[in-house]
Amino acid sequence: MTCDFCGGTDLEKINRLPVVRCRCGIAYNTQDFRPDPRLASKSYFDMLEGARAQSEVFFEGWVDKIAEFLPPRQGQVLDVGFGYGIFLEEMAAKEYAPWGVEISEASCQSLQQRLPAARTFVGSLTEPGICERLKGQRFELISFWDCLQYMPDAAQQLRVADSLLVDSGLLVVQVPNRGVNNLKYAQAVSKLYPDLGRFFLHLPAAKILFDPQALEKWLLSLGGGYRILVQSPSVNKLRFSIRLRSVSAAVEDLLLMIWTFIAKRKGEAVPSIFLLRKQ
Ligand SMILES: [Zn+2]
C-alpha cells in the first residue's frame with residue numbers, strides 16, 4: 001500500500017484496528033472501502049435537512065471569519081461535498097457566486113431550488129466529466145467541510161482544488177482529528193470491545209484518518225505552497241456527526257460526545273479546521 005499524500009510505502013499496522021499508518025502521520029482504513037450507500041440516498045439528505053439548525057449554528061461563526069479574508073462581494077466559491085448547502089447559501093448572501101459538488105442528487109436538487117443561482121454537480125470533483133465542466137473556472141475559495149475522510153482520493157481532490165484556485169485564493173479543510181492520540185484511545189477501547197474502537201474512528205465509512213499535524217504539513221506544501229490564516233479550534237462550536245434519528249443513533253451520538261469530551265480534555269482539536277491562503 002502506498003500513502004496517497006507522501007508516496008511512502010512503509011505503512012505500520014496499528015494493533016487491534018483495521019488501520020495502517022504512514023510515517024508521515026496519515027493513517028488508512030484497510031477494510032474494504034465502500035462509500036456509505038446512505039450518502040447517495042434520500043435518507044442521507046433527510047439527515048442533512050434534520051440537522052439544518054445545528055449546521056447553521058456551526059457555519060455562523062465561520063462565514064464571517066472567512067469573508068474577512070475575501071475581496072468583498074466578488075468572485076466564485078466552490079464547496080466540495082456541500083451537504084445541505086448552508087455554507088453556499090451563506091456565501092451567496094454575501095454576494096459570492098455559489099458552486100458546489102455533492103455525491104447526493106437530492107442535495108443538489110434541493111439547493112438548486114432554494115438557490116437558483118447555484119451551479120451544482122452530482123458526483124466527485126476528480127471525475128473527468130466534472131473536471132471538464134469546471135475547466136476555465138477560477139475560484140476565490142474552495143472548501144471541504146467534513147468530507148475528505150470519506151473520499152478514496154482525498155489528496156487528488158486537494159490537488160484539483162489547488163489548480164482551480166486563483167492566486168491568493170482561500171482553501172478550507174475540515175477533518176475529524178484522528179491523530180496519534182486518537183488512535184491510541186481507539187486501541188484502548190478496542191481491547192474492551194473491538195467494534196467500539198472502529199465505531200469511534202468511524203470505520204469502515206472513513207477511508208482516511210487524518211493526523212492534523214501531518215495534514216497541516218502537507219497542506220502548507222500543496223502546489224506552490226499555502227499559509228495558514230486560521231486554525232481550529234478558535235471557533236469552538238462543534239458539529240457532531242449527523243446521524244439517522246433513532247435509538248441507536250442517539251446512543252451513537254452520546255458515545256461521540258463522550259469521545260469528544262475525552263479528546264478535548266487531552267487538548268486535542270476536534271475537529272481540525274484549516275483556513276489557508278494560496279501563496
Ligand atoms: Zn504518508
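In what order do the seven strands of the open sheet lie? The legends below begin with that sheet and refer to a predicted model.

**View 1. The open sheet of seven strands.** The order across the sheet is β6-β5-β4-β7-β8-β11-β10, and the pairing is mixed. Strands β6 (119-122) and β10 (226-231) form the edges, each pairing on one side only. Direction ignored, neighbouring strands of the sheet are turned by 15° against each other on average. The protein chain as a whole has ten helices and eleven strands. Of its 279 residues, 39% count as buried. Among contacts in the chain with a separation of 6 or more, 67% come from residues 24 or more positions apart.

**View 2. Parallel and antiparallel pairs within the sheet.** Strands of a sheet pair through backbone hydrogen bonds, in either a parallel or an antiparallel manner. Strand β4 (residues 76-80) runs parallel to strand β7 (residues 139-145), and four bridges join the two. Within this pair, Val77 stands opposite Leu141 of β7. Strands β8 and β11 (residues 272-278) run antiparallel and are joined by six bridges. Strand β10 is also antiparallel to β11, with five bridges between them. Phe274 of β11 is the bridge partner of Val173, and Gln231 stands opposite Phe274 as well.

**View 3. The largest nonpolar core and Leu171.** This core has 68 residues, and Leu171 and Val172 are those with the most contacts inside it. Strand β8 (residues 165-175) gives the largest share, six residues. The core lies between domain 1 (1-33) and domain 2 (39-179 + 214-237 + 268-278), because both give residues to it. Which residues does Leu171 contact, leaving aside its neighbours within four places in sequence? They are Ile142, Ala161, Leu165, Tyr226, Leu276 and Lys278.

**View 4. Helix α6 and its buried side.** Helix α6 (residues 154-164) has the buried residues Ala154, Gln157, Leu158 and Ala161. These residues lie on the same side of α6, because they cover an arc of only 95° around the axis. The elements that cover them include β4, β7, β8 and β9 (208-209).

View 5. Helix α4 (residues 105-114) lies across β5 (97-102) and β6. The helix runs at about 165° to β6, and β6 is an edge strand of the sheet.

View 6. Most residues other than glycine have a negative phi, and most peptide bonds are trans. Asp146, which is not a glycine, has a positive phi of about 55°. This residue is found in the loop between β7 and α6. Asp146 counts as partly exposed because it has 19 C-beta neighbours inside 10 Å, where a buried residue needs 20 or more. Ser168 is likewise not a glycine and has a positive phi of about 65°, but it is found in strand β8. The peptide bond joining Leu203 and Pro204 is cis, with omega about 5°. Pro204 sits in the loop between α8 (194-200) and β9.

Technical notes. Residues are numbered from 1 along each chain as its sequence is written. This is a predicted model: local features need pLDDT of at least 70, side-chain atom pairs count only at pLDDT 80 or more; totals for chains, interfaces and linings use all residues. A nonpolar core is a set of buried Ala, Val, Leu, Ile, Met, Phe, Trp, Tyr and Cys residues joined through C-beta atoms within 7 Å. A residue is buried if 20 or more other C-beta atoms lie within 10 Å of its own, exposed if 12 or fewer, and partly exposed in between; C-beta atoms are placed from the backbone. Domain bounds come from an automatic or database domain assignment. Two residues are in contact if their C-beta atoms, placed from the backbone, lie within 7 Å. Two strands pair if DSSP finds at least two bridges between them. Axes are lines fitted to C-alpha atoms, for helices over the stretch in contact, and angles run from 0 to 180 degrees between N-to-C directions. The arc is that of the directions from the helix axis to the C-beta atoms.
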